[in-house]
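Open the model in your viewer, with the sequence panel beside it, and follow the stops below in order.

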Amino acid sequence: SLSDGTLVWLNCGGKVRFPKVFDQGNRNISLEGEAFLEVASDSTKPFIIRSDAATVTVLGTSFNFAVKPQGAELTVTTGRVRFEGTFGAPIILSKGEKGLCDNPNRTLQKTLNADPNYLSWKTGIFEFEGLDIVQVAASLNTFYRTKPILVSGLTSGTCALTAHFEGSKIEAVLDILTATCGLKWVEKEQYFEVTQE
């Protein structure tokens, strides 16, 4: 919780730098990694997030911002956000839109957010609609980090999963995943392995 009432949830490995109390004229922070923010509304002071890849400016909204090795990704949950790369003109994103900043290719683009699981790392809620098992495991690993899921000996297209998980224990998720796809899982010392039966 920041001094202006803004709430920040950091994903694993994320870092945020902020003053104990914001200056009178601004609300500036810096971010490395991924965070979800609910920015307190203040029309007199824009809230600015700076990173090596991009800059985000808002007055009051909620969004997910991920700084990646090759750029940044911003997905707006509520309100409007100004998204700016280190090149070109900024874009304005609204609820349900995603901005992608690709620094090596010097592109900044706006698309509709098609990923229902973009906040799963924070909420533990997953929606899968015919998603390939390899992609399902990658998505689940954003939340279940203590022991990640490793899919061995299976290629994309082996099985598509349609399921909803909310606050489920990893073992229950693995039971449903493997029963649906005719697979098996075993717990290893540092990970869960999913393989053919």
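Begin by selecting K98 and E73, which form a salt bridge whose closest N and O atoms are 3.8 Å apart; a salt bridge here is a side-chain nitrogen of Lys or Arg within 4 Å of a carboxyl oxygen of Asp or Glu. The pair links distant parts of the chain, since K98 belongs to strand β11 (residues 97-102) and E73 to strand β8, 25 residues apart. Strands, like helices, are DSSP runs numbered from the N terminus, a strand being E of at least two residues and a helix H or I of at least four. K98 counts as buried at 16% relative accessibility, whereas E73, at 22%, is partly exposed; buried means under 20% relative accessible area, exposed over 50%, and partly exposed in between, computed with a 1.4 Å probe on protein chains only.

Before moving on, note that this is a predicted model, in which local features need pLDDT of at least 70 and side-chain atom pairs count only at pLDDT 80 or more, while totals for chains, interfaces and linings use all residues. Residues are numbered from 1 along each chain as its sequence is written, and side-chain values use heavy atoms, with hydrogens and water left out.

**Other charged pairs**

A search of the whole structure finds 7 salt bridges. Select R27 and D4 next, whose side chains meet in one of these at 2.6 Å, N to O. R27 lies in strand β3 and D4 in the segment before β1 (7-10), so the pair ties together parts that are 23 residues apart in sequence. R27 is buried at 1% relative accessibility, while D4, at 23%, is partly exposed.

Then turn to E84 and R82, another salt bridge, with the closest N and O atoms 3.0 Å apart. Both partners are partly exposed, E84 at 25% relative accessibility and R82 at 33%.

**The nonpolar cores**

Which residues have the most contacts inside the largest nonpolar core? Select F47, I49, V56, F63, F65, L74 and F83, which hold that place in a core of 26 residues; such a core is a set of buried Ala, Val, Leu, Ile, Met, Phe, Trp, Tyr and Cys residues joined through side-chain atoms within 4.5 Å. Several strands each supply at least two residues of this core, including β5 (47-50), β6 (54-58), β7 (62-68) and β8 (71-78). Centre the view on L74, which touches V56, F63, N64, F65, V81, F83, L93, E97, K98 and G99 when residues up to four places away in sequence are not counted, contact meaning heavy atoms within 4.5 Å. Apart from this core lies another, of 22 residues, among them F128, L140, L177 and F192.

**A loop residue inside, a loop residue outside**

Is T61 buried or exposed? T61 lies in the loop between β6 and β7, yet it is buried, with a relative accessible area of 5%. The T61 side chain reaches the backbone nitrogen of G79 at 3.4 Å, and the residues that T61 touches, again leaving out those up to four places away in sequence, include L37, V39, V76 and R80.

For a contrast, select G88 in the loop between β9 and β10, which counts as exposed at 65% relative accessibility. G88 and V39 are 49 residues apart in sequence and 26 Å apart in space, C-alpha to C-alpha.

**Sheet and helices**

Now show the open sheet of 3 strands, ordered β14-β17-β16 with mixed pairing, where two strands pair if DSSP finds at least two bridges between them. Its edge strands are β14 (149-151) and β16 (183-187), each pairing on one side only. Strand β17 (residues 192-196) is joined to β16 by 5 bridges, and the two run antiparallel; W185 has V194 of β17 as its bridge partner. Helix α3 (residues 170-181) packs on the sheet, touching β14, β16 and β17, and its direction makes about 155° with that of β16, angles running from 0 to 180 degrees between N-to-C directions of lines fitted to C-alpha atoms, for helices over the stretch in contact. Helix α2 (residues 133-140) lies across β14, β16 and β17, at about 160° to β14.

Terms used
Polar contact = N/O pair within 3.5 Å; in protein donor to acceptor, adjacent residues only side chain to side chain.
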